[in-house]
Amino acid sequence: MKDKAQFVPKIEGNEISSFKTTWSAPSNIALVKYWGKKELQIPCNPSVSFTLDQCRTTTSVQFKSRTAHDHASLVVQYDGKPAPSFEPKVKTFIDRIRPYSPYLEDYDLQIDTVNSFPHSSGIASSASAMAALAAAIMDLEKQIYPSLTAEDQIKKCSFLARLGSGSAARSVEGPLVLWGEHTATPDSSDLFGVRWTKAADVFQTYRDTILLVDKGQKEVSSTVGHNLMHNHPFAENRFAQAKAHYQDLLAILENGDMNGFTDLVEREALSLHAMMLTSSPSYILMHPNTIQIIQKVRNFRKTTGLHLTFTLDAGANVHLLYPEHEAEQIGQFIESDLRQYCQDNELISDRVGTGLKKT
Ligand code: PMV
């Protein structure tokens with residue numbers, strides 16, 4: 001494993017008394033899934049994701065030199081309104097990253113955050129939220145240590161985001177991100193995500209329509225799900241499968257092989273859910289409408305030969321992935337045959353994106 005000590009500042013920094021910055025970070029959708037971790041989000045297998053474009057969290061942070069003597073204060077707002085329920089999670093995150101960003105000790109923080117996607121859409125916002133917050137903190141670090149290179153700033157941003165939520169390591173750059181060590185990609189690391197640009201053009205503009213089958217909170221959190229991989233009877237085989245899929249997928253992406261993509265990505269999604277079905281206790285996050293959509297997608301593919309592919313997160317919602325040049329026909333099919341399976345007929349139209357934006 002590459003050394004964590006590289007992320008601890010080693011020189012004297014500038015004194016900055018007040019600084020405000022705003023960053024927007026996207027969500028991401030894994031193609032090869034991360035499921036199972038060692039402590040503090042060290043993944044049990046490498047993963048690959050598409051970075052999204054429209055599903056984003058925008059976060060402003062006001063850093064002010066600490067006024068109280070004993071501890072720094074923290075205030076969180078969501079969309080301009082006090083959100084004290086978010087504060088414990090942010091505090092845990094700040095405590096966890098303090099060894100790498102010790103200057104945070106000196107600041108009171110006022111955080112204002114908002115998601116572009118509906119607040120209760122069943123779309124996990126922790127990846128985009130943690131990446132946006134990490135980006136704001138790294139912007140402060142750049143003010144304190146101006147010699148920090150853009151490359152190191154990005155790398156540490158992903159490293160910090162990972163400490164908040166594993167998949168957040170993949171929400172910093174785009175269009176595709178690798179996270180987790182694998183001998184096939186010597187640059188990849190368990191500690192942070194790295195951008196991967198070798199995919200054929202067709203995959204750099206892929207669409208993702210997210211069918212909101214269930215907008216509520218899921219019954220079993222990802223944290224619980226990751227933990228159930230300890231002592232899971234199929235864990236070792238699953239990690240080996242994901243490692244093999246990782247290498248196979250990179251070749252598929254590089255070759256522009258859309259049929260290979262469909263086959264592998266759908267098996268990955270169903271393998272993730274198979275782990276949930278066979279854990280102890282076992283649980284099911286797919287809904288009847290999730291299965292209806294999957295069947296319809298497969299039938300549509302058989303009859304049209306178009307490259308519509310589904311994947312799933314740890315929830316009931318379905319991500320539909322397809323190439324831009326097939327968007328018109330596939331869009332009509334989504335409207336006529338699939339939208340009806342969404343709660344309140346709601347879906348989100350997204351596409352592959354490029355990562356963080358400073359606003
Ligand atoms: O980052 P977490 O702890 O929410 O875990 C994410 C797990 C999956 O979304 C199911 C898969 C992935 O790789 O994003």
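Modeller: Start with a loop. Between helix H9 (327–338) and strand S13 (347–351) sits Asp-344. Keep in mind that this is a predicted model.

Biologist: Why is Asp-344 called exposed?

Modeller: Exposed means over 50% relative accessible area. Asp-344 has 56%, so the label is exposed.

Biologist: What makes the backbone of Asp-344 worth a note?

Modeller: Most residues other than glycine have a negative phi. Asp-344 is not a glycine, yet its phi is positive, about 55°. Asp-79 also has a positive phi of about 55° and is not a glycine.

Biologist: Where is Asp-79, between which strands? And why is Asp-79 called partly exposed?

Modeller: Asp-79 lies in the loop between strand S5 (74–78) and strand S6 (81–82). Its relative accessible area is 47%.

Biologist: Which peptide bonds are cis?

Modeller: Most peptide bonds are trans. A cis bond joins Gly-174 and Pro-175, with omega about 5°. Another cis bond joins Ser-280 and Pro-281, with omega about 0°. Pro-175 is in the loop between helix H3 (150–164) and strand S8 (176–179). Pro-281 is in the loop between helix H7 (258–277) and helix H8 (288–304).

Biologist: Now the serines. Why does Ser-49 count as buried?

Modeller: Buried means under 20% relative accessible area. Ser-49 is at 0%, so Ser-49 is buried. Its place is in strand S4 (residues 47–65). Beyond four places in sequence, its contacts include Asn-28, Pro-175 and Val-177.

Biologist: How do you know that Ser-49 and Arg-170 make a polar contact?

Modeller: The limit for such a pair of N or O atoms is 3.5 Å. The side chains of Ser-49 and Arg-170 are joined at 3.0 Å, so the pair qualifies.

Biologist: What makes Ser-27 buried?

Modeller: The cut-off is under 20%. Ser-27 is at 6%, so Ser-27 counts as buried. Ser-27 is in strand S1 (residues 18–32). It touches Thr-51, Cys-55 and Ser-171, among others.

Biologist: And why is Ser-221 partly exposed?

Modeller: Its relative accessible area is 32%. That value falls between the limits of 20% and 50%, so the label is partly exposed. Ser-221 is in the loop between strand S10 (207–211) and helix H5 (222–227). Its side chain reaches the backbone nitrogen of Val-224 at 3.2 Å.

Biologist: Which residues touch the most other members of the largest nonpolar core?

Modeller: Phe-50, Phe-63, Ile-137, Leu-249, Leu-253 and Phe-261, out of 73 residues. Helix H2 (residues 126–144) gives the most to this core, twelve residues. Apart from it lies another core, of 24 residues, including Leu-306 and Ile-334. Nonpolar side chains tend to be buried together in soluble globular proteins.

Biologist: Last, the ligand. How many residues surround it, and which are the closest?

Modeller: There are 13, and the closest are Tyr-34, Ser-167, Arg-170, His-226 and Asp-313. This shell divides into five nonpolar, five polar and three charged residues.

Terms used: Residues numbered from 1 in each chain as written. Predicted model: local features only at pLDDT ≥ 70, side-chain atom pairs only at ≥ 80, totals over all residues. Heavy atoms only, no water. Near = heavy atom within 4 Å. Nonpolar A, V, L, I, M, F, W, Y, C, P; charged D, E, K, R; others polar. Core = buried A, V, L, I, M, F, W, Y, C linked by side-chain atoms within 4.5 Å. Buried < 20%, exposed > 50% of the residue type's maximum accessible area, 1.4 Å probe, protein only. Helix = DSSP H or I, 4+ residues; strand = E, 2+ residues; numbered from the N terminus. Contact = heavy atoms within 4.5 Å. Polar contact = N/O pair within 3.5 Å; in protein donor to acceptor, adjacent residues only side chain to side chain.
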